Amino acid sequence: MAELNAFITEETIEGADDGPLAGTTVAVKDNISTEGVRTTCGSEMLADYVPPYDATVVERLTDAGAEIVGKANMDEFGMGTTTETSAFGATRNPVDPDRVPGGSSGGSAAAVAAGEADLALGSDTGGSVRCPAAFCGVVGIKPTYGLVSRYGLIAYANSLEQIGPIAPTVREAAALLDVIAGPDPNDGTTREEGADSDYAAAADGDVEGLTIGIPTELFEGADEGVVETVEAAVADLEDQGAETVEVSLPSVEHAVAAYYVIAMSEASSNLARFDGVRYGHSGDAEGNWNDTFAATREEGFGAEVKRRILLGTYALSAGYHDKYYEKAQDARAWVRQDFEDAFEAVDVIASPTMPVPPFELGEGLDDPLKLYLADANTTPANLANLPAISVPAGESDGLPVGLQLVGPKFDEETVIRAASAVEN
Amino acid sequence: MSDTSDESEDAAGDGAPGAAAAVDPEEVEHVAELARVDLDDEEVATFAEQFADILDHFEALDEVPETEREEELVNVMRPDEVREGLTQEEALANAPDSEDGFFKGPKVS
């Protein structure tokens, strides 16, 4: 188990005796609060932080009978595509230990792929559930914004992130979503949707008559082996009675830039709370509040977190706010509009989840932009608040390839149904 | 990173690697000060280089048309009722330093 480094903390939290998840083990990403069990966000800053309460999703897991087996490794504060920015060391991909498991929920996906947990929870701000699911050859769902409570999720970029399930099969991921979905008075962004869901029943593998949109923008520039594998999986859905239609999403060319500007801006504000006074690492520097604060943050945060806080501060600063932040909000609205238009004609939109196969360990660490660009296909669903799933499409050169399906708002059933047919 | 108008001029689709305008290390230091994050000299140099590439990519946002942002958002309210919160002990449990039931921080000036 130590070899993969899938867990930051291995501690058991028992669930109720009965329930839909009785007898099931679950790994929980380490940015989701567990009462009495340390929750580090993969950061030195929170290495000793022990939450005084449970996240809503943790309560729902244990009420449903699940046994939590540990807190899964992750990129620091969810900022990364490889799980290499964790202060607790990189997680390895169970399929090929010289490669990354993807990120930021890499520990969650690796634990499920290696059988160290039956199921897992991750969080997805720009692809952080779907990317590691694709790289490790398992299923991951990013729910519609507002379907799952974020109460107790330590915030990175609130307007984008959702907690989502990771599982070996579509049906198991859907069943876990059934447990965590639905309104929560402690998260005002949740809605009534999901209250009495039966997403698991939608995993019936029936795509007869389903219309699948194929956006050229999300295939162009992707790795050849990845594209071939995804196209073969789509052709298989056609053989099962689905119809494919080309759709155009011109806005998605700007998704990565818009996503990073918005996420970094929100992060710069959210992470201002880490001052070493109320919780977290505290520096010993002498001097006034500002000096001590800055020294604490220098010591507690890793490079990627500093990079995003600084760029977010810059994007929001006087003179640049309109140029970056306002334009990013325009791009976000444009992406949303593009998807709405496309869903007039199609039921779901298919693409590779990741445009590339899993990176080798260390491959992208010196080139942050290269890693950001790998989020090209996942960030649009976060910007548009839409449900998306990554399901294994096959292998290319012995490495897993994920097929992503995006659906209309709160239409989790359709993406789950379509994804379950990929498994046929 | 220094002059907005200059950057907009060479923005149109010019995202080729190496075409990035250099970012002044002093500006990295200035933003780090605003964000209350100390950096060592090596970090400043690395960030200056990386920020040039990243900001160059963000330049493409200049091509985005102004878009209607209407969303069906409603305020979510609840009655303002007294509920149980954390005890003082629980609230202070993670504090690096506390005194007489208060958080203890560094001096303000």
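This is a predicted model: local features need pLDDT of at least 70, side-chain atom pairs count only at pLDDT 80 or more; totals for chains, interfaces and linings use all residues.
Just after helix α6 of chain A, Gly241(A) adopts a positive phi of about 110°.

Helix α6(A) covers residues 224-239, a run of 16 residues. From first to last C-alpha the helix reaches 23 Å, close to the 22 Å expected at 1.5 Å a residue. At its start, a side-chain oxygen of Asp223(A) comes to within 3.0 Å of the backbone nitrogen of Gly225(A). Gly225(A) is also one of the buried residues of α6(A), together with Val226(A), Val227(A), Thr229(A), Val230(A), Ala233(A), Val234(A) and Leu237(A). These buried residues pack against several elements of chain A, listed below.

| Element of chain A packed against by buried residues of α6(A) | Residues |
|---|---|
| β7 | 211-215 |
| β8 | 243-247 |
| β9 | 348-352 |
| β10 | 388-396 |
| β11 | 399-406 |
| α13 | 412-422 |

Strand β10 includes Ser396(A). Ser396(A) counts as buried because its relative accessibility is 13%, under the 20% cut-off. Leaving aside residues up to four places away in sequence, Ser396(A) touches Gly225(A), Val226(A), Thr229(A) and Val401(A). Ala267(A), by contrast, lies 129 residues from Ser396(A) in sequence and 35 Å from it in space, C-alpha to C-alpha.

Across the whole structure, a search finds 3 cavities of 30 Å³ or more. The largest cavity holds about 80 Å³ of space. Of the 15 residues lining that cavity, Gly80(A), Gly126(A), Ser128(A), Tyr259(A) and Asp375(A) are the closest to its centre. By class, the lining comprises 5 nonpolar, 8 polar and 2 charged residues.

Conventions. Residues are numbered from 1 along each chain as its sequence is written. Chains are lettered from A and ligands numbered from 1 in the order in which they are written. Side-chain values use heavy atoms; hydrogens and water are left out. Helices (H or I, at least four residues) and strands (E, at least two) are DSSP runs, numbered from the N terminus. The expected span of a helix is 1.5 Å times one less than its number of residues. Buried means under 20% relative accessible area, exposed over 50%, partly exposed in between (1.4 Å probe, protein chains only). Contact means heavy atoms within 4.5 Å. A polar contact is a pair of N or O atoms within 3.5 Å; within protein, one must be able to donate a hydrogen and the other to accept it, and residues adjacent in sequence count only if both atoms are side-chain atoms. On a 1 Å grid over the protein atoms alone, a cavity is a set of points where a 1.4 Å probe fits but cannot get out, and a pocket is an open set with protein on both sides within 12 Å along at least five of seven lines; lining residues have an atom within 4 Å of a point. Grid points are joined across faces, edges and corners, and a volume is the space filled by probe spheres set on the points. Ala, Val, Leu, Ile, Met, Phe, Trp, Tyr, Cys and Pro count as nonpolar, Asp, Glu, Lys and Arg as charged, and the others, Gly among them, as polar.
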